[in-house]
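This report describes helix packing, a strand sheet and a pocket in one protein model. The sequence and structure come first.

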Amino acid sequence: MRRKLIYGVGVNDAPYPTEPDKTVNGRTIHSRKCPYFVLWKGMLRRCYTSSVNENPTYIGCTVDKRWHSFMAFKTWMENQKQHVLWLEESDLPVKERKIKFQLDKDLLGNGKLYSPDTCVLIPSTLNSVLSHQRDSTKNLPLGVGWVESRLKYRAYIVIENKYRSLGYYENATLAHLAWQNAKCSNILRLLGEYEKQSYSDERVVIRFHDIVQYI
């Protein structure tokens, strides 16, 4: 029986059940889903469903036609140097995963296309380090907030979900400079740890060094 398209574009051409179920005493029991399929389906969902409206960062994002085929995507995954560790971690509860590889499309591409040429598997800590925090109540530079009680600008940074104050400054420019220095130091620290790993990718290292130059 021909399978229907996933989110209108994806072809599940796997020669095995990707979302297996079994019936026990008249009840449907959901078995473990194929981890490759879960990752592939999630990628399609972010680009081709209403979830795009819920997360504006995915507006205009598409998936390369080559990856409309599930098996083509799975083959690409199996050829990545991070594959074995990613697969091992996929068996663990999320809280027990140490590396937490993520499929990133932004670092090597323009941020709008998932493809074999623009995607790479990188640790979540390295992937999230490029996210920036901005004061939501003031039109201020990144990493800068206004503290009314002190009549000064505060520089701050969020590292691994923990808020860290970087001191108080007379103007927003100096506070932003403090944030820039802390941000670059944190990126280089994480990059140094990443380079030591067997799963590190030279393209990722080069790209991060480029990014640091422009923060």
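At what angle do α6 and helix α7 pack, and how many Å apart are their axes? The model is predicted, so local features need pLDDT of at least 70 and side-chain atom pairs count only at pLDDT 80 or more, while totals for chains, interfaces and linings use all residues. Residues are numbered from 1 along each chain as its sequence is written, and side-chain values use heavy atoms, with hydrogens and water left out.

**Helix packing**

The angle between α6 and helix α7 (residues 202-212) is about 170°, and their axes are 11 Å apart. Axes are lines fitted to C-alpha atoms, for helices over the stretch in contact, and angles run from 0 to 180 degrees between N-to-C directions. α6 and α7 are therefore roughly antiparallel to each other; angles under 35 degrees count as roughly parallel, over 145 as roughly antiparallel, 65 to 115 as roughly perpendicular and the rest as oblique. Helices (H or I, at least four residues) and strands (E, at least two) are DSSP runs, numbered from the N terminus.

On the α6 side, Cys-184, Ile-187, Leu-188, Leu-191, Tyr-194 and Glu-195 meet Val-204, Val-205, Phe-208, His-209 and Val-212 of α7. The residues of this contact divide into 9 nonpolar, 1 polar and 1 charged. Contact means heavy atoms within 4.5 Å. Ala, Val, Leu, Ile, Met, Phe, Trp, Tyr, Cys and Pro count as nonpolar, Asp, Glu, Lys and Arg as charged, and the others, Gly among them, as polar.

Pro-35, Tyr-36 and Leu-39 of α1 make the contact with His-83, Trp-86, Leu-87 and Ser-90 of α4. By class, 5 of these residues are nonpolar and 2 are polar, with no charged residues.

**The sheet**

An open sheet is formed by 3 strands in the order β7-β8-β9, with antiparallel pairing. Two strands pair if DSSP finds at least two bridges between them. β7 (144-147) and β9 (162-169) are at the edges with a single partner strand each, so one side of each has no neighbour in the sheet. From one strand to the next, the twist averages 35°. Helix α6 (residues 172-195) lies across β7, β8 and β9 and runs at about 15° to β8.

| Hairpin | Bridges | Residues between strands | Residue with positive phi |
|---|---|---|---|
| β7 and β8 | 4 bridges | 4 residues | Leu-151, near 55° |
| β8 and β9 | 6 bridges | 2 residues | Glu-160, about 50° |

Trp-146 stands opposite Tyr-153 in β8. Towards β9, Ile-159 is opposite Lys-162, Val-158 is opposite Tyr-163, and Arg-154 has Tyr-168 as its bridge partner.

**The largest pocket**

The largest pocket holds about 490 Å³ of space. On a 1 Å grid over the protein atoms alone, a pocket is an open set of points where a 1.4 Å probe fits, with protein on both sides within 12 Å along at least five of seven lines; lining residues have an atom within 4 Å of a point. Grid points are joined across faces, edges and corners, and a volume is the space filled by probe spheres set on the points.

Of the 23 lining residues, Leu-39, Arg-46, Tyr-58, Leu-103 and Tyr-114 are the closest to the centre of the pocket. α1 (35-48), α4 (83-90) and β4 (101-104) each supply at least two residues of the lining, and the largest share, 7 residues, comes from α1. By class, the lining has 8 nonpolar, 7 polar and 8 charged residues.
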